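Subject: Handover of a structure

Dear colleague,

Please find the structure below, passed on for your records. The findings follow directly after it.

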Amino acid sequence: MIHSIYVVNEAGETLTAINLGKFKMDDALFGGFLSSIQMYSQKVSGKEVNELSLEDYRMMISKAGRVFLVTIHDENDKDAITANSRVAEVLDGLVNDIITDDTVVLLKKAAEDSAGGRNRANDWASKML
Amino acid sequence: MQVDIQYASEPIMAALLIIATIILVIHTRKRTRDLPADEKKLGTPLYLSAIAISLLGVASFVNYLINAAVWVVDPLLTYFQLSNIAPGLLTIAGLMILGWNRYYAVPIVMMILTALVAILFPVLGVAMSPMVFIGMFNLTLYILPIGLFGYLTIKQRRLTSFSLFLIVLTYLMFPLTAVFTDPIALGLILLLRFFGPGIAIIVFLKSDIGFTLELGGYSAAVIVLGFFLTYFQDSPIFLAMTDVALVATVILLSFSAALGVISGTYTLGRWKTSRNISTLTLGIYLFTAGIAFLMVALNNIGFFGFSIEWEYIVMILGVVVLIPLNLSAFLALDWKNGLLIPFAISIPPVLLLLLNYPIHPDDIAYRSLIMAITGILQNVIPFALYITLWRRMRKDNAPGRSRALFLAVGIILLLIAAAGGNLLTIVGSTLIIISFTGWLLAVTGYADKLLKTEAQGE
C-alpha cells in the first residue's frame with residue numbers, strides 16, 4: 001500500500017503531500033531533499049534516481065511531465081512499481097505544475113485502487129483492530 | 001426440562017456472542033471516532049461483523065429452543081436461515097475489507113438462493129432436504145471470513161483479529177457434538193466453542209492486552225463460568241427445580257466466582273507494574289476467593305459427589321483463602337508487625353478440622369464456635385484496617401481513597417453474608433455478589449471514578 005504521495009517540481013518545491021498511512025516527513029524539506037538527490041545523481045551518473053530505501057520504507061520516484069511523483073511504500077511491498085505507475089497516470093495531463101483539489105482526490109483514489117486486497121486488509125486491520 | 005448438554009450450552013453461547021457484539025460495537029465506535037472524516041467508513045465492516053455475530057447468538061438460542069421443543073414453526077429451517085445470514089454478512093464485511101466491492105453480489109445471491117431453496121423445496125415437493133443446500137451455502141460463505149481473519153492474525157499478530165477468527169471457527173464446531181459423544185470429548189468441544197466469544201470479549205474490551213497470563217485469567221473466568229452454567233442445567237438441583245432459591249444461589253455464587261477471578265487477574269496484572277506487595281496479596285486473595293466460591297458452587301451441585309474429603313477441602317479453603325486479604329490490609333498500612341496475626345487466627349479451625357478427620361464437619365464439637373470466631377476476626381481485622389486507611393487518606397484528601405472504602409464495604413458485606421452460618425442462601429449469595437462487584441470496582445479504579453476521588457488526569 002501507498003503510505004504517502006509527494007509531488008515535487010524540478011525546483012524542489014513540494015506541490016502536494018498526501019499522507020495515507022504511517023510515513024510522515026516535513027513537506028518542504030522533502031522537496032529539497034529529493035531535488036538535491038536528483039541533481040547529485042544527474043551529475044554523477046547522468047541519470048535520475050527512481051528508487052530509494054529509507055529505514056522500513058521504499059520510495060518509488062517517477063517523472064510525470066515536469067514533476068516528480070514520489071510514492072512511499074513498505075520496504076517489502078512487491079506492488080510498489082505498479083502502484084507508482086498507476087498514480088503517475090493521474091499527473092500525465094498536468095498543466096503548469098498546478099495541483100488542484102480535484103487532482104488530490106484523483107491521486108488518493110488512484111492510490112487506494114492500486115493497493116491489492118492484502119494490502120488493503122492489512123491497512124484496515126492496523127486502523128480498526 | 002432435560003436438554004442435551006450440547007444444547008444446554010447454546011443459551012450460554014448466545015449470551016457470550018451478544019456480549020461480544022456489544023463490546024465489538026463499542027470498540028468500533030471508539031476506533032472510528034479517532035479517524036478523519038473520509039476514513040470513518042472503515043468501521044462499516046466491523047459493524048457488519050457485529051450484526052453477524054449477534055445473529056449467530058440468536059441462532060444459538062433458537063437452536064436451544066428447538067431442542068427444548070419450545071420453537072415449533074419450521075424449527076430447523078429457522079435456525080439454518082439465521083445462521084446463513086450471519087456468514088453472508090461476514091463475507092460482505094470481508095469483501096469490504098479487501099476492497100473487492102464488485103463481488104458483493106455473490107454473497108447476496110447466495111443468501112437469496114438459500115431463502116428460495118428453503119421456501120420452494122417443500123412447495124415443489126422436492127424429495128431432497130433443503131438443509132443439504134443450505135448447509136453447503138452456509139459453509140461456502142464462511143470460507144472468506146475465516147481465511148481473511150486467519151490471514152490478518154498471522155500477518156498482524158493481533159489478538160483482536162485472532163478472536164474474530166476464533167469466533168467464526170469455534171461456532172462451526174457445533175455439529176462435532178453429534179459426532180463426539182464421549183463426555184470428555186463433548187466437554188472439550190463445548191469449552192473450545194466458548195473460547196471464541198470468551199476471548200473476543202476480553203481483547204476488544206482491553207485492546208492493549210497481549211498474549212499473557214492476564215489474558216488467560218480473564219478468559220478462564222468467562223469460559224469456566226459458561227462451562228459451569230452449561231453443566232448446571234444438567235444437575236439434580238436444576239432439573240428438579242423444586243428449590244428455585246437454591247438454583248438462584250448457585251448461579252449467583254458462580255457469577256461471584258467469575259468476578260473474583262477477573263478482579264484477581266486485574267490486580268495481579270497491576271502488581272506486575274507496581275511490584276507492591278499489598279497489591280500482590282490482594283490479587284492472590286481475589287483470585288483464590290473466586291476459585292473457592294466456584295468450588296463451593298460446584299460442591300453444592302454435587303460435582304464432587306458430596307464426599308467428606310471435599311467437605312473438608314471446601315471448609316479449609318474457606319479459612320485459608322482469607323489470609324492474603326488480611327495480609328494485604330496490614331501491608332497497605334505498612335503495619336508489618338502484624339503480619340503473623342492472619343496466620344495465627346487461621347490455625348485453630350484448620351487444626352481442629354484436620355485432627356477430627358474423617359468425622360463429618362457438622363459433628364465436630366465446637367467447630368461452629370471456633371470457625372465463627374476465626375471468621376469474624378478474619379473479616380473484622382481487614383475491614384478495620386481498610387477503613388483506617390480510607391479515613392487517613394480522606395483526611396489528607398488523597399486521590400484513590402475509594403478503593404480502600406469499597407474493599408472495606410465488600411468485606412463487611414461478606415461478613416454479614418456469613419453471619420447466618422450458611423453462605424448458601426439467596427440473601428447470602430446476593431451479598432456476596434455485591435461484595436465481589438464492589439471489589440472489582442475498587443481494584444479497577446471505577447470506585448474512585450464513581451465517587452470522583454480519582455487522581456487528576458486519570
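Which residues have the most contacts inside the largest nonpolar core? In this predicted model, they are B:Ala258, B:Phe293, B:Ala297, B:Tyr386, B:Ala408 and B:Ile432, and the core to which they belong has 128 residues. Helix α12 of chain B, covering residues 277-300, supplies the largest share of that core, namely 13 residues. Both domain 1 (1-208) and domain 2 (235-458) of chain B contribute at least three residues each to this core. Another core lies apart from it and has 24 residues, including A:Met1, A:Ala80, A:Val90 and A:Leu91.

As to the domains themselves, chain B is divided into domain 1, residues 1-208, and domain 2, residues 235-458. Taken over C-alpha atoms, the centres of these two domains of chain B are separated by 38 Å.

I also draw your attention to one helix pair. Two packed helices are described by the angle between their axes and the distance between the axes. For helix α1 (residues 5-33) and helix α9 (residues 213-232), both of chain B, the axes come within 8 Å and cross at roughly 140°. Angles over 145 degrees would count as roughly antiparallel; α1(B) and α9(B) are therefore oblique to each other. The crossing of α1(B) and α9(B) is right-handed. On the α1(B) side, the residues in contact are B:Ile5, B:Ala8, B:Ser9, B:Ile12 and B:Leu16, and they meet B:Gly226, B:Leu229 and B:Thr230 in α9(B).

Yours sincerely

Terms used: Residues are numbered from 1 along each chain as its sequence is written. Chains are lettered from A and ligands numbered from 1 in the order in which they are written. This is a predicted model: local features need pLDDT of at least 70, side-chain atom pairs count only at pLDDT 80 or more; totals for chains, interfaces and linings use all residues. A nonpolar core is a set of buried Ala, Val, Leu, Ile, Met, Phe, Trp, Tyr and Cys residues joined through C-beta atoms within 7 Å. A residue is buried if 20 or more other C-beta atoms lie within 10 Å of its own, exposed if 12 or fewer, and partly exposed in between; C-beta atoms are placed from the backbone. Helices (H or I, at least four residues) and strands (E, at least two) are DSSP runs, numbered from the N terminus. Domain bounds come from an automatic or database domain assignment. Axes are lines fitted to C-alpha atoms, for helices over the stretch in contact, and angles run from 0 to 180 degrees between N-to-C directions. Angles under 35 degrees count as roughly parallel, over 145 as roughly antiparallel, 65 to 115 as roughly perpendicular and the rest as oblique. A crossing is left-handed if the near helix is turned anticlockwise from the far one by less than a right angle, and right-handed if clockwise. Two residues are in contact if their C-beta atoms, placed from the backbone, lie within 7 Å.
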